[in-house]
Amino acid sequence: MKKTILIFVIIGLVAVTLMLWIMKARTITYQEILMLGVVLVVVGFAVFVGINRIKSVIQKEPFEDELSKKIMTKASSISYYISIYLWLIIMYLSDKVALESHSLIGAGILGMAIIFLLSWIGVKMFGVSNG
């Protein structure tokens with residue numbers, strides 16, 4: 001139950017931060033709109049996971065059974081290997097792109113979150129192999 005509460009606390013902190021950022025910004029560029037969209041997708045995934053955990057607690061079921069742990073482990077290992085290549089691409093492009101280093105690091109972190117989300121969806125849809 002503590003992990004479920006923690007998920008919603010982090011979602012709230014991200015939402016407050018996004019609202020402060022939007023209120024402070026005078027003009028919003030297309031890059032910022034894209035970044036905002038990616039953050040909202042990641043927050044939506046967190047809300048989905050949090051609601052599923054609340055449903056499991058209400059039904060007095062364990063919210064982390066063997067299958068969900070195996071899916072999470074498989075998705076995290078796949079996303080780890082793909083993220084290594086993402087960072088290699090970011091390192092290669094850092095000399096060729098006129099973005100600041102903190103923008104590239106932020107894009108890399110958001111990219112890792114999206115890669116994990118897509119890996120989780122893929123493992124959830126296609127199943128976990130018995131290997």
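Visitor: Which residues touch the most other members of the largest nonpolar core?
Guide: V39, F45 and W120, out of 13 residues in that core. A nonpolar core here is a set of buried Ala, Val, Leu, Ile, Met, Phe, Trp, Tyr and Cys residues joined through side-chain atoms within 4.5 Å. Buried means under 20% relative accessible area, exposed over 50%, and partly exposed in between, with a 1.4 Å probe and protein chains only. This is a predicted model, where local features need pLDDT of at least 70, side-chain atom pairs count only at pLDDT 80 or more, and totals for chains, interfaces and linings use all residues. Residues are numbered from 1 along each chain as its sequence is written, and side-chain values use heavy atoms, leaving out hydrogens and water.

Visitor: Which elements give two or more residues to this core?
Guide: α1 (2-24), α2 (30-58), α3 (66-93) and α4 (101-126). Helices are DSSP runs (H or I, at least four residues), numbered from the N terminus.

Visitor: And what does W120 touch?
Guide: F45, F48, I71, M72 and A75, not counting residues up to four places away in sequence. Contact means heavy atoms within 4.5 Å.

Visitor: Switching to S79: buried or exposed?
Guide: S79 counts as buried because its relative accessibility is 7%. S79 sits in helix α3 and touches I115, F116 and S119, again skipping residues up to four places away in sequence.

Visitor: What about confidence, which element has the highest mean pLDDT?
Guide: α3, at 92, while α2 has the lowest at 87. pLDDT is the predictor's confidence in each residue, from 0 to 100. The chain's mean is 88, with 98% of its residues at 70 or more.
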